[in-house]
Amino acid sequence: MIVHRRLVRLAGQVTGQVAACAGLGLAVSAAYVGQAVLLAAALAEVARGRPDAAVTPLAWAFAVIAGRAALLWARETVTVWAGALIRARLRDRLVARLGELGPAYLTGTRTGRAQTTLVDGVEGLDAYFSRYLPQVVVTFCVPVALVAWLATIDATAGAVLGAAVAGVLVIPRLWDVTLLRRGRERWAAFAELASDHLEAMQGMATLRAFGAAGRLGARLAGRAHDLYLTTMRQLRVSLVETGVSAFLVQAGTAGAALVAAGGRLDAREAFTVLLVAVECFRPVRNLSEYWHAGYLGVSAVDGLGELLTAEPAVRDTGRRADIPRHAPRVRFEHVTFTYPGRDRPAVHDLSLTIEPGETVALVGPSGAGKSTCAALLQRHVDPGAGRITLDGTDLREWRLDALRAGIAVVAQDTYLFHGTVADNLRLARPGATDEELVAACAAAGAHEFVAALPAGYETRLGERGGTLSGGQRQRLALARALLADAPVLVLDEATSHVDPRAEAAIAQALARARRGRTCLVIAHRLSAVRDADRIVVLADGAVAESGGHDDLLAAAGPYTRLVAAQELPA
Ligand SMILES: Nc1ncnc2c1ncn2[C@@H]1O[C@H](COP(=O)(O)OP(=O)(O)OP(=O)(O)O)[C@@H](O)[C@H]1O
């Protein structure tokens, strides 16, 4: 019987549901005890040779059995309802938590691990909260109350049963620590297997291209074997615990039977002791059943703890919601940022101003810190030193939701969700009208191909937009960013997957989109910097030089070397 502290704290969120299940569990136990007492009375009458007198208690016993059936139905209904509610609440909390932790968390952990916690862990916790915890309450209340009552009928019977109940409740606790450790080992093996499976599915094309599918299959088989071994190890401990409990239950019941048959009690008392002793242990037997349903949740506690206690990369402590609606001045002021676990800063003492309405193209060799600047501007991470301001106000003063509503992003790895084109676009602005969707798509050069899809804007896209080409995906991402209508635009190589003809159309669209917005373009190609008002060259996380394309070429500095080294191909 494991009542984990962290899980009990989590149960605080669903106290009402757990209490309702426990209350009905107690009522069901009371019905069982009532039935036992009435049967004892009936049997005693039969034993005394007065079968007629047994009719009334028997009739009551049938009524109690009918009432119990109704209670069992109610308990099952409430348990299923509570389970669904618990799952929904936990998932909401965990998903909200993942949102707070942001992408920085998922780069530091395996997606499959978080997914396993969110799906399987929460499923396991449903049974833990809706069945196991209420039964723990019943198990602690019912046997103790019954032993106390039986002790008033016969002290010896009370002592024998009391010892057995104490043994059943206390002795298996000796295995709890081992059981929890084995549960954690099993969960770790389970999470690794799930992560490898997810990665294998996501990377199947790459694996096949390199002929590595077989090797990965062998690795998965190894992981599955590890899971089997840890499951068996956990099962062995669990079975010992269950065996000891079962032995104590049988010993207690046998002890009570011996006392009842000892001749000191009258017929009614003897039958009462005998039948109620069985009811003493019913909650313990049920607890053991529910334990097997809920132990996946207990095993998941590490994954949950990891998620709930992880420090978000940025704290949402800002209060302001008044993000500028006009193009603001963006300033990086002596910004330094080092990724956790790295000894060299990705961005070092970087100062950069983007004037209101200006478009700055950030260029530089791979690893120079361009994407890190975009991440800092969106507050996926915060500077270790220095600050970033919009119109002179530190980004940290705004609430994160307000800040992110003010910055639209077209990322290098566009993510489109399994849903219709319209659903994907409305992520940026849920209330957007159909006309606004069409206008945004037209501006991003996407309307033509969307209109040609089988169901136009209602066409369902595959996961990650898998049914579209790379260029189409990027144009949709651009349309989504335009729909957000934010005063700051971050474009991370927004035209990298687009053919030259479409690129010219997008360049025009972008020129329109940039009007009235402050824009940071992370560029990998000359074509992407051509239209910028200014080019800023980054090297080793700092500004190496800045200016217009021609001026920089004339200066024959780092920019010229970048162009010459084909780091910025045409
Ligand atoms: N999540 C991360 N954890 C640790 N280090 C990181 C992380 N992301 C980036 N880095 C490191 O920070 C440095 C800057 O990376 P960044 O992605 O900003 O460069 P970039 O100029 O955008 O490169 P590219 O043009 O190749 O995309 C690199 O040395 C990179 O290895």
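Asp266 sits in the loop that connects H8 and H9, and in this predicted model that residue counts as exposed because it has 11 C-beta neighbours inside 10 Å. Although Asp266 and Ala44 are 222 residues apart in sequence, their C-alpha atoms are 8.6 Å apart in space. A contrasting case is Tyr128, which has its place in helix H4 and counts as buried, because 30 C-beta neighbours fall inside 10 Å. Leaving aside residues up to four places away in sequence, Tyr128 touches Leu7, Leu133, Gly294, Gly297 and Val298.

The chain as a whole has 20 helices and 12 strands, and 41% of its 570 residues are buried. Among contacts between residues at least 6 apart in sequence, 80% join residues at least 24 apart.

The largest nonpolar core has 77 residues, of which Ala40, Leu161, Ala256, Val273 and Val276 touch the most other members. Several helices each supply at least two residues of this core, among them helix H2 (15–47), helix H3 (55–108), helix H8 (213–260) and helix H9 (267–299). H9 gives the most to this core, with 16 residues. Val276, when residues up to four places away in sequence are not counted, touches Val33, Ala36, Val37, Leu146 and Leu150. There is also a second, separate core of 75 residues, which includes Val347, Ala374, Ala428 and Leu520.

An unreviewed UniProt entry places the feature "transmembrane region" at residues 21–43, 55–74, 132–151 and 157–175. For residues 132–151, the end C-alpha atoms lie 28 Å apart, and the span is 100% helix and 0% strand. For residues 157–175, the end C-alpha atoms lie 28 Å apart, while the span is 74% helix and 0% strand.

The ligand has 12 residues around it, and Tyr339, Ala346, Ser366, Ser371 and Thr372 come nearest. By class, this shell has 3 nonpolar, 7 polar and 2 charged residues. Helix H11 (residues 370–377) contributes the largest share of the shell, 3 residues. H11 is itself mostly covered, with 7 of its 8 residues buried; the buried ones are Lys370, Thr372, Cys373, Ala374, Ala375, Leu376 and Leu377. After H11 comes Arg379, whose phi is positive, near 60°.

Most residues other than glycine have a negative phi. Asp349 has its place in strand S2 and counts as partly exposed, because 15 C-beta neighbours lie inside 10 Å. Ala556 is found in the loop between helix H19 (549–555) and helix H20 (558–564), and that residue counts as exposed because 10 C-beta neighbours lie inside 10 Å. The neighbour counts given for individual residues are collected here.

| Residue | C-beta neighbours inside 10 Å | Class |
|---|---|---|
| Asp266 | 11 | exposed |
| Tyr128 | 30 | buried |
| Asp349 | 15 | partly exposed |
| Ala556 | 10 | exposed |

Strand S2 also belongs to an open sheet of 4 strands, arranged in the order S2-S1-S4-S5 with antiparallel pairing. Strand S2 (347–354) and strand S5 (393–394) stand at the edges, each with a single partner strand, and therefore one side of each is left without a neighbour in the sheet. Strand S4 (residues 385–390) is joined to S5 by 2 bridges, and these strands run antiparallel. Thr389 has Asp394, in S5, as its bridge partner.

Strands of a sheet can pair in either a parallel or an antiparallel way, through backbone hydrogen bonds. Strand S6 (residues 407–410) is connected by 4 bridges to strand S9 (residues 488–492), and that pair runs parallel. Ile407 stands opposite Val488 in S9. From S6, Ile407 and Val409 point one way and Ala408 and Val410 the other way, and all of these residues are buried.

Terms used. Residues numbered from 1 in each chain as written. Predicted model: local features only at pLDDT ≥ 70, side-chain atom pairs only at ≥ 80, totals over all residues. Near = placed C-beta within 6 Å. Nonpolar A, V, L, I, M, F, W, Y, C, P; charged D, E, K, R; others polar. UniProt positions renumbered as here; feature names shortened; annotations may be inferred. Buried ≥ 20, exposed ≤ 12 C-beta atoms within 10 Å, placed from the backbone. Pairing = 2+ DSSP bridges. Contact = placed C-beta atoms within 7 Å. Core = buried A, V, L, I, M, F, W, Y, C linked by C-beta atoms within 7 Å.
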